[in-house]
Amino acid sequence: MPLLQDLVAAIADGRIEVLDLTAPLSDKTPIIQLPPPFANTRRFELTEISHYDERGPAWYWNDIATGEHVGTHFDAPIHWATGRDGKDVSQVPARQLIARAAVIDKSRECAENPDFLLEVADVEAWENEHGPLPKGGWLLYRTGWDARASDQQRFLNANETGPHTPGIAVECARWLANEAPVIGVGVETVGTDAGTAHSFDPAFPCHAFLLGAGKYGLTQLANLARLPAQGAVVIAGPLPIVHGSGSPARVLALVER
Ligand code: MN
């Protein structure tokens with residue numbers, strides 16, 4: 001059977017499950033909160049144009065307003081100063097938007113320590129158990145943080161010292177950017193970096209190293225708990241915003257059952 005027909009048949013009969021890794025997008029979707037003097041993103045908002053009324057008797061439609069980095073979204077290289085000469089979100093090749101995924105689960109560690117940082121040794125231990133990271137694929141980092149995504153306060157987990165959410169250690173970010181074969185990193189948190197990463201050297205190392213290396217980020221993913229450690233295929237669909245630094249994205253995973 002031709003490959004594509006076999007694929008849709010497998011999806012139809014459940015041999016391949018389609019999982020939605022996307023958080024619902026609404027004015028309740030948590031957004032990152034930068035401290036002064038930095039500017040912040042706006043929320044996602046709908047403004048009604050007509051709703052089967054005198055403004056449009058047979059139709060309902062809205063305008064949308066959103067930041068590029070709201071909800072489940074894609075970080076393009078030009079999002080960071082280190083990647084300023086790289087691709088904007090409209091320039092990411094379509095074939096890179098379908099890729100294999102490795103899933104590393106540190107949800108137990110993150111439940112005990114919200115400032116948990118993934119180290120190179122964690123990824124190497126994972127590779128010893130599950131095989132090498134997929135070339136041109138994603139490293140998806142499960143932290144359990146998706147369980148908090150309906151509540152901005154719990155999601156950002158900030159106190160007087162700033163936000164406390166799990167992330168990736170400086171050396172591991174450098175290694176993922178420069179040594180590992182992955183195309184990018186996907187996380188369940190509001191950004192690819194740890195809540196405390198403003199104090200790292202360099203600050204926000206995932207952004208600085210990965211985007212600087214022309215790699216990508218995916219944030220605020222859901223349902224990573226339902227993915228195998230190896231073997232899933234991720235389809236990430238950011239909008240092709242010309243000059244865009246990122247975009248809300250529908251992210252799906254295909255999993256063989
Ligand atoms: Mn972002």
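This is a predicted model: local features need pLDDT of at least 70, side-chain atom pairs count only at pLDDT 80 or more; totals for chains, interfaces and linings use all residues.
**Helices H5 and H6**

Helix H5 spans residues 170-178 and helix H6 spans residues 205-212. Their axes lie 8 Å apart and meet at an angle of about 15 degrees. Because angles under 35 degrees count as roughly parallel, H5 is roughly parallel to H6. The crossing of H5 and H6 is right-handed. The residues through which the two helices meet are set out below.

| Helix | Residues in the contact |
|---|---|
| H5 | Val170, Ala173, Arg174, Leu176 and Ala177 |
| H6 | Pro205, Cys206, Phe209 and Leu210 |

By class, this contact of H5 with H6 comprises eight nonpolar residues, one charged residue and no polar residues.

Helix H6 is largely enclosed by the rest of the structure, because seven of its eight residues are buried. The buried residues are Pro205, Cys206, His207, Ala208, Phe209, Leu210 and Leu211. They pack against strand S4 (73-75), strand S10 (167-168), H5, S11 and strand S12 (216-219). After H6 comes Gly214, which has a positive phi near 80 degrees.

**Nonpolar cores**

The largest nonpolar core holds 29 residues. Those that touch the most other members are Leu118, Leu133, Leu139, Tyr141, Ile168, Cys172 and Leu176. Two or more residues of this core come from each of strand S5 (98-105), helix H3 (120-130), strand S7 (138-142), H5, strand S11 (184-187) and H6. H5 gives the largest share, with six residues.

Leu139 illustrates how separate parts of the chain are brought into contact. Leaving aside residues up to four places away in sequence, Leu139 touches Ala102, Ile104, Leu118, Leu133, Leu176, Val182, Gly184, Val185 and Gly186.

**Surroundings of Thr82**

Thr82 is located in the loop between S4 and S5. Its relative accessibility is 45%, so Thr82 counts as partly exposed. When residues up to four places away in sequence are not counted, Thr82 touches His207, Ala208, Leu211 and Gly212. Thr82 and Ser199 are separated by 117 residues in sequence, and their C-alpha atoms are 18 Å apart in space.

Key:
Residues are numbered from 1 along each chain as its sequence is written. Side-chain values use heavy atoms; hydrogens and water are left out. Axes are lines fitted to C-alpha atoms, for helices over the stretch in contact, and angles run from 0 to 180 degrees between N-to-C directions. Helices (H or I, at least four residues) and strands (E, at least two) are DSSP runs, numbered from the N terminus. Angles under 35 degrees count as roughly parallel, over 145 as roughly antiparallel, 65 to 115 as roughly perpendicular and the rest as oblique. A crossing is left-handed if the near helix is turned anticlockwise from the far one by less than a right angle, and right-handed if clockwise. Contact means heavy atoms within 4.5 Å. Ala, Val, Leu, Ile, Met, Phe, Trp, Tyr, Cys and Pro count as nonpolar, Asp, Glu, Lys and Arg as charged, and the others, Gly among them, as polar. A nonpolar core is a set of buried Ala, Val, Leu, Ile, Met, Phe, Trp, Tyr and Cys residues joined through side-chain atoms within 4.5 Å. Buried means under 20% relative accessible area, exposed over 50%, partly exposed in between (1.4 Å probe, protein chains only).
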